[in-house]
Each structure stands twice: as structure tokens, then as C-alpha cells.
Amino acid sequence: MSREFKWEYIRRQQKFYRVFAFLIIASLIISRTCNLIQNTKLMVYYGAVMVVALVLDQIFAVFAKHENFNGKTYKIKCMLFFILFAIGGVFGKLTLPLLLLYVAYGILIICEDLIMDDMFDSYKGYTFTIIYIVLLGAGVIIPYIKKEIQSADIVIYGAMIIGIGLAVILVRRISVLVATSWNEKYNDVYYKSQDVKKENDKLLELQERIEEVNNAINYQKVQLSETNSALEKKNIEIHSLMDVMISYTSSFDVDTDIRSMIKSIKEVKSASLVAMYIEKDVCFNEEPIFEFDSNENYAPNVIRKDTVEALNIFRKKGSREPLVIAENYTHNRSIFERKGCCIAAFPAYENDTLYGVLVVAGDKYDFFFSGFDYYRSAVVDFTAALISDRLYLTMEDMAKRDGLTKIYNRIYFNHFYDEMLTKIKSDGGTISVLMADIDHFKKVNDTFGHLAGDEAIKALAKLDEAIAKKYGCEAVRFGGEEFLLIMNGKSLDEAYKIAEEFHKDIREKVIDFEGKEIRINTSMGVANYPETVDDLQKVLDRADKAMYYGKTHGRGRIVIDGRWDPEDMDK
């Protein structure tokens, strides 16, 4: 028999015996109430026997659920019940209806024990059955046994035993037939239900597979959507970098390139702050370059200070990895406080030289969730543009400057001077031109050699460039030992004072050449538009004539255009 059938049979059996036991207990109570039983202790005893039987039934039902359950355990209940019932006969006799109920209960559990043996293949003999019958008969006969047993009592006792045995056999036969029929029906229903269960299991398995497939498809859809979104962002980033590179190739100006990069990063990444700092002398910049753009009205000096501090951190660490300054409002460094939710700095290297730093801040959580590649690429592209700018500016500067003195040459002078005059004419401005020529330069070459002459020319060029930077002018080597100082926007009086300072610096300059000291002097001519000449195109020519006049009238002097008489020099 199947385990399910056994458990179902035992469950129903326990329900039946529970009702039977309660019927007996109720009958005991009613009999005592009606004085059919006059011994209360006897009522309590026989009621306790039924309670014990109920408890044993419950324990048996619990154990019957286990795989290793054995039907022999039912004999414990049977044996204990019959022993207690037999002992009860010593204390008194029950009324006939109650006695018949107990006998019927005993016959039923004897038959159940035999059925359990068949169900669990645990016992095939009738030894326990005979013992049960004897004990049941004793429980019936004992209350009626007198001190002297008569032959009639023996006959009655034997008849009772035989009757009980026949009743047991009859009931067992009926129980086996019923149980077998029920088992067949149950098995039929059971196996049909098992087939249905298998089909249900297959359907559930198919449903689970379909659900797994749907989940996988949905997951792939999400992944595909995320991938498309990421690709779209990457395309935007790549296009922005390409646009910036195009901008780089057309500007050749570092300041413009920085602003272009900052604008691109701010727009593409929706950054709240982008700042860039470059040290001086990186690309013809005599001062450091600092640019930033922010959504907030931050003080430029504060942002510049923090950006420089970020650069100093990279310089100390010697690291090329990004520096996370703040992550979701958690600051790792005491810079850029309250300037954004997430802040990071990126070092700008040219080969092994750290030349600047890029700082980016965002107001959103996990602003750098997608990583730092875009910002690194932006810095690398900017570095490439910086090198290109420097090369272009170097070539351009080489074309503008004199090879020996490194100040502007005559070719470049002709270019910017014409543009300058055009602007002055349109704006109604003023301009002063100083022409200087080394006195007795041939003597220097003849006495100390041409290399010494070159040193004298370079010394004068340095002084010319220094005075030009000091007063915002342009220094030019006009040719040979002739030099110009173009003073745009300077009046005649201002130009004359500058000329005096320049002339004094030349006279005091000592040129050390191969252990020898060389001193030089110059003749200078100064002209001004519109104070000394009313034709803008003739300012240079008049400065040259004033210088020539000085050379032919004693040298080593400053001559103002139109004031040829030495007595007018102080006017």
C-alpha cells in the first residue's frame, strides 16, 4: 500500500476512535449521574482508561507520518488498553450497556491491530490476538467471579471467549474487505491524482520556464536600453571632443582652447563647476593662466586658490590618477568646500612634466558614476592642442624675431606697424617712435672682433626689450646696429623720459667679453605724431633723421624731431 493511503487510513481511524471514546466517557458520566454506577472511583478509572487510549491514538498518529514508521507500535496501545480493562474488573462491575461498549471497542482495536500488521507487513501470527482476547474476556468475567468458581461460570467464561474470538474474526474479515475496497478506490483516485499532479507539475515547470524566458527577455531589454543610453552618451562625448579638437586646430590660442574645453565639459556633463589652471611659460604665457565657469557666483580668487592647491597635491604625490576631492558631499580634502556634491581633479601632464590641473564638480549624487575617461580624454586632447599651439607659435615667433637678438625683426615690424598706424588714424590716437644707433660700432668690431660686436648688439637688444616691457612698448631690431622703440599712445614728453632712461641704461651697461669690458653709447632720435609731425606715415622717417642729426653733431645724444639746435634739447 502507498504511504499516502496508510496515512489517510490512520487519520480517519483516529477520528472514529475519538468519537467512540467520547461516547464511552459520556456514558460513564451519565451512568454515574443516574446512579447506575454507584462507585465514583470506578467511573473515574474506566474514564481514565479511555483518556489513555485517546492519548496513545494521538501519539500513534504523529509517528505514523514518518518514513520509518512500523505498525508494531500500535500494539502498545492495544496491550495497555486490555491490561487496564482487565485490572478494572477487580474494582467493580460496569452496567451491561457500558460493558458492551468496552467489549465492542476492544474487538475493534483487535481487528485494527491485525489490519495494521497487514498494512505494514510487521506480523503475520495471531499470538497477540489471542492475548488480547484473553485479557478482554478477563475484563468481562472478573467482576462476576465469586470466591468459588462453579462449572457454570467456566462454561460462561469459555463461551464469552469463543464469542469474542468469533466476533473478532468476523469484524476483521469485514474490515479487511472494506479496507481493501477502500484501498483500491483510493489507489485509483491516488494514481489519477498523481497523473494530474504530474501534469500540473509539468505545466508549472513550463510556466516557470516561460517566466524565466520572459525575465531574461526583460533583463535583456533593460540591458539593451542601458547599453543604448551609454552608447548615446559616449557618442555625445566623442562628438564634443571632436568639436573641441576642431576648435583647437583653428584657434592656436591657449586661452581660447581652455575656454572651449571648459564650455564643452560643462555642457556635455552638466557640471556645476569646471576650472583649469596652467603654470606660466608653458606656451608663451609669461603668467599662469586660470579660467573657470560655474553655476554659482563663486569668488574667482577662492576658486583659483583651491585649484592651485589641487595642482600642488599632484606635484607632491607625483600621481597621474584622478584626485577625488568630494564624493556625495563627503570631502576627502579641505578644498572646494561646499562647491559641489562630487568633485574631482585631473592632472595635466606633457610627457613627465606636470603643467596644469583640471577640476570638475557636479551637484548630482554619483556624478562620476560612469568613470573619469571622458575627463582624461579631454585633458589629453588639450595637451595635444597645447603642443600644437606651441609649435605654431614657435614657428610664428621665429618668423617675427631676429635670429641674433630674439626681438622683433624688420619684416614683422613692417606688418604690425602698418596695422598700428591704420588703427591710430581711425581712433585719433598718438604714437612716438625712437630710433637708436650704436656709435662707433665699426671701432668695436675692429678692436674686439665681430663676435664682440654681436655681443654689443645683443646687449642693446636686451635693454631695448626690457624698457619696452616696462612701459608697454615694442622693441625692434631695424637692421645692423639700428634699433627701434615703438611707443603707441605715448606723448612726446613721455617718450622723451623713456628715451632718457633707455639712453642712461645703455651708457651704464658694461659688456663682459673674454675678460674685457666693453662700453657702448648710442645716438637716438625721437618723433611724435601729431606733436612733431602731422603726417602719420612720416613719423618713422623723422625719427631716423633726428637720430642721424645726432650722429653728425657729436653722437651720444637724444635728438627730438624738429629741434635740431642743441640749445633746444632741453625744451
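Helices (H or I, at least four residues) and strands (E, at least two) are DSSP runs, numbered from the N terminus. With these labels, proline 530 is placed in the loop between β12 and α14. The model is predicted.

**Overall content**

The protein has 14 helices and 13 strands. Of its 571 residues, 43% are buried. Among contacts between residues at least 6 apart in sequence, 67% join residues at least 24 apart.

**Aromatic pairs**

A pair of aromatic rings is described by the distance of the centres and the angle of the planes. The structure holds 22 aromatic pairs. One of them is formed by phenylalanine 20 and tyrosine 105, with 5.6 Å centre to centre and 65° between the planes, an edge-to-face arrangement. Phenylalanine 20 belongs to helix α1 (residues 3–33) and tyrosine 105 to helix α4 (residues 96–120), so this pair ties together parts that are 85 residues apart in sequence. Phenylalanine 20 and tyrosine 105 are buried.

The pair of phenylalanine 81 and phenylalanine 85 is stacked, because the ring centres are 6.2 Å apart and the planes are at 10°; planes under 30 degrees apart count as stacked. Phenylalanine 81 and phenylalanine 85 both lie in helix α3 (residues 74–91), 4 residues apart, which is about one turn of the helix. Each of phenylalanine 81 and phenylalanine 85 is buried. Ring pairs also link residues into a cluster, whose members are Phe16, Phe20, Tyr45, Tyr46, Phe81, Phe82, Phe85 and Tyr105.

**Charges over rings**

| Charged residue | Ring | Distance from ring centre |
|---|---|---|
| Arginine 320 | Tyrosine 349 | 4.2 Å |
| Arginine 410 | Phenylalanine 478 | 3.9 Å |

Helix α2 (residues 40–63) has 24 residues and reaches 35 Å from its first C-alpha to its last, close to the 34 Å expected at 1.5 Å a residue. The buried residues of α2 include Leu42, Met43, Tyr46, Gly47, Val49 and Met50. Further along α2, Ala53, Leu54, Leu56, Asp57, Phe60 and Ala61 are buried. Tyr46 of α2 is also a member of the aromatic cluster.

The end C-alpha atoms of helix α13 (residues 492–508) are 24 Å apart, which agrees with the 24 Å that its 17 residues should span at 1.5 Å a residue. In α13, the residues Leu492, Ala495, Tyr496, Ile498, Ala499, Phe502, His503 and Ile506 are buried. They cover an arc of only 165° around the axis, and therefore lie on the same side of α13. The face turned away from that buried side carries the exposed residues Asp493 and Lys497. The cover over the buried residues of α13 includes the helix α12 (450–471) and the strands β7 (431–438), β9 (482–488), β12 (522–529) and β13 (558–560).

Serine 294 lies in strand β2 (residues 289–294). Its relative accessible area is 16%, so serine 294 counts as buried; the cut-off is under 20%. A polar atom of the serine 294 side chain lies 3.3 Å from the backbone oxygen of serine 272. The side chain of serine 294 also reaches the backbone nitrogen of glutamate 296, at 3.0 Å. Not counting residues up to four places away in sequence, serine 294 touches Lys266, Ser272 and Leu273.

**Other residues**

Isoleucine 133 is in helix α5 (residues 127–141). With a relative accessible area of 11%, isoleucine 133 is buried. Isoleucine 133 and isoleucine 107 are 26 residues apart in sequence, and their C-alpha atoms are 8.2 Å apart in space.

Lysine 538 is in the loop between β12 and α14 (539–552). Lysine 538 has 44% relative accessibility and therefore counts as partly exposed. From lysine 538 to alanine 527 the separation is 11 residues in sequence and 9.2 Å in space, C-alpha to C-alpha.

**Backbone geometry**

Tyrosine 529 and proline 530 are joined by a cis peptide bond, with omega about 15°.

Asparagine 328 is not a glycine but has a positive phi of about 50°. The place of asparagine 328 is the loop between β3 (323–327) and β4 (330–331). Asparagine 351, again not a glycine, has a positive phi of about 60°, and is found in the loop between β5 (342–350) and β6 (353–362). Asparagine 351 is exposed, with a relative accessible area of 65%.

Terms used: Residues are numbered from 1 along each chain as its sequence is written. This is a predicted model: local features need pLDDT of at least 70, side-chain atom pairs count only at pLDDT 80 or more; totals for chains, interfaces and linings use all residues. Side-chain values use heavy atoms; hydrogens and water are left out. Rings of Phe, Tyr and Trp (its six-membered ring) pair if their centres lie within 6.5 Å; planes under 30 degrees apart count as stacked, over 60 as edge-to-face and the rest as tilted. Buried means under 20% relative accessible area, exposed over 50%, partly exposed in between (1.4 Å probe, protein chains only). A charge sits over a ring if NZ of Lys or CZ of Arg is within 6 Å of the ring centre and within 35 degrees of the ring normal. A polar contact is a pair of N or O atoms within 3.5 Å; within protein, one must be able to donate a hydrogen and the other to accept it, and residues adjacent in sequence count only if both atoms are side-chain atoms. Contact means heavy atoms within 4.5 Å. The expected span of a helix is 1.5 Å times one less than its number of residues. The arc is that of the directions from the helix axis to the C-beta atoms.
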